[in-house]
Each structure stands twice: as structure tokens, then as C-alpha cells.
Amino acid sequence: MGGDHGPCVTVPAVLDALKRHGELSVILVGIEAQIRPFLTEGEGSRLRIHPASEVVAMDESPALALRNKKDSSMRVAINLVKSGEADGCVSAGNTGALMAISRFVLKTLPGIDRPAICTTLPTTTGHVHVLDLGANVDSGPEHLLQFGIMGAMLVSAVEHIERPTVALLNIGEEQIKGNEVVKKAADLLRESGLNFIGNIEGDGVYKGGADVVVCDGFVGNVALKISEGLAQMLATFLREAFKKNIFTKLAALAALPVLNAFKKRADHRRYNGACLLGLKGIVVKSHGSADPFAFGNAINVALESAANGVLERISERMAQQSLSQETA
């Protein structure tokens, strides 16, 4: 029900995902009268509607949504994950409310103090997983260590990389750079047994030197929004340059295959779907403005996370970390 568009986007995306993934079953949670008109192909055995009488607005206070809307589609969906009726939840709704409700209902995994938002970004060599992107504006060294473990286990599970490389976002690559929190976090990551490759600067995120980049939520969210703004600005400059006169328009036609290839490679919709890592359940946040293609990719993220045992891997690794600290 959430996001900028609601069922007119989410339901078609679900129908397409069911065609692509024969092992997938979906529970559509929300107001049935608004959902059913988009079920042109009927429900079938792998799709059903679970009613909810309320919807969390995109601008609604997370605290009010948690306290006053206990039958919201978001709350009901998270409850289904807690009960085991669903293996994961995908929502394009209010990010703050989704995080608050998920943390309240599901709780965090043993050893995890705070959940983190992790998403995939394109790089020159492929892609990178970055966390935290806004769940925690103030994080200590131990939290950054936990983020590194969670990100590494996600990549290990979903991409089948035995020892993914982990880097710490900093203002310089040297060990002496950064504030005390980042310096201490680097020490903890170095001692953790993860494949920690040291600090990475902001421009290095997109060069593809790491599988996982760790940062606190304040820095991560600012970096993400700057990146999105830069991409939008460059796209605007490019359109304006090609529309300048008849000659530039002809050049645009000649360059169309290259432009289409570039657009496909940099298409942010391909990377839609941020995991709320550290919870006792799989929760994936889709961008609120997602179209069916983008929302379908968020569904893919949830499906891959569930199928590859991300929660189990994080729990096992955190147990090992706790044991090593006790014996140290």
C-alpha cells in the first residue's frame, strides 16, 4: 500500500515476479478493495490477499505509526514475518516507520545492538554493498564492526563469495586519518577475522575496490543522497546538451546505442531494495518512487536473502565473534 504509487506499482511487480520465480509465493497485505482491481490474472495458489484496515502515510511520524496503527499494512506484514507465515517483507512505504515497526516487532539478532540499512550501488567493476545508509545517525566503533559483519555475511550468502572484502569509509586511506570512532572501528575490523582491506575514501566507493563499505548512518545517507543528486544533474546536463540544436540532436541519434547501454548500466532501478540487516526477520525497503521494474528488484533481494540463509549466517558469525571476545 505504501510508496508514491501503491498497488498500481506493487501488484504488477508481484505478478511479474511470480512468473519469473516458480518457487515464490506472495501475500499481498493491505486494503483488499484497492488491491483486487490490479489482479487481472486472478490470485492463484501462489498469491493471496491478507487484509489490513490501515495504511501508514509517507509523511507520518514513525512513533505515531507504531503506537496508533496496529492494523496498518506495514505492521500486519511484519507480524506475518514474526509468526513465520512469511519469510520476508518488502515495502515501499515510510522508511522511518518500517524501521521502527520492524525493530519493535522482530527485535534484533543476538549480538546485534542496532539494525542497519544496506543497499547495492553500481561501481566501475560491478557493484558494492554499503551500510549503514540512515538507520543510525550516531554509531560507535562496535556498531561499525557489527555493520561490517552483517554486510560481509550478506554478500557471502547472496553472491557466494567466501571472504568478501570489507572497507571502512573514511577521509583518507591512511590509518592515522579519521575521528576516534572510525580509528577504533578500523582496529576492531582488523582484529575481527573479516577480510578487512582498510580505509576507503568517498571516490573509492565507485571504483569497485571492496565488496562491502561500512559507515555510520549519517555519513552513509549524505553520501547516498549526494550520489543520487549528482547522477540526476549529469543526466540533465546530457539531455540539455543533446537538445541544444539540430546538429546535437543528430549526434544524439548517432549516439543512441551508446546512450542506451550507459542508461542500462547506470539504471538505479536495477539496484533497488535495501535490506534492514540485524533483525530477526528479512525486511527489504524499496524506494518510494519505484516503478514495477524497480519494485521487482526489491522482491528479488528479499527472495535471495531468504533462499540463501542470510539471517542464519549473521547469527552464526556473531556467535563466533562473541566466543572469540570471551576467550581473548
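User: Which residue forms a salt bridge with Lys177?

Analyst: Keep in mind that this is a predicted model. Side chains of opposite charge can pair when their charged atoms come close. For Lys177, the closest N and O atoms of the pair are 3.3 Å apart, which falls within the 4 Å cut-off for a salt bridge. The partner is Glu174.

User: Are Lys177 and Glu174 buried, partly exposed or exposed?

Analyst: Buried would need under 20% relative accessible area, and exposed would need over 50%. Lys177 comes in at 31%, while Glu174 has 42%. Those values lie in between, so Lys177 and Glu174 are partly exposed.

User: How many residues apart are Arg48 and Glu85?

Analyst: The side chains of these two meet in a salt bridge, at 2.3 Å from N to O. The pair links distant parts of the chain: Arg48 sits in strand β2 (residues 47-51), and Glu85 is in the loop between α4 (73-83) and β3 (88-91). Arg48 is partly exposed at 33% relative accessible area, and Glu85 is partly exposed at 43%.

User: How many salt bridges does the structure hold?

Analyst: Besides the pairs above, Lys207 and Asp203 meet in one, with 3.8 Å from N to O; Lys207 and Asp203 are both exposed. There's also a network of salt bridges that links Asp267, Arg269 and Asp291. For the structure, the count is ten.

User: What radius of gyration does the chain have?

Analyst: The C-alpha atoms fill a box of roughly 60 × 60 × 35 Å along the principal axes. With 328 residues, a compact globule would have a radius of gyration near 20 Å, and the chain's value agrees with that. The chain has 21 Å.

User: What share of the chain's residues count as buried?

Analyst: The secondary structure of this chain comes to twelve helices and ten strands. A residue counts as buried when its relative accessible area is under 20%. Of the 328 residues, the share is 47%.

Definitions and conventions:
Residues numbered from 1 in each chain as written. Predicted model: local features only at pLDDT ≥ 70, side-chain atom pairs only at ≥ 80, totals over all residues. Heavy atoms only, no water. Helix = DSSP H or I, 4+ residues; strand = E, 2+ residues; numbered from the N terminus. Rg over C-alpha atoms; globule rule 2.2 N^0.38 Å. Buried < 20%, exposed > 50% of the residue type's maximum accessible area, 1.4 Å probe, protein only.
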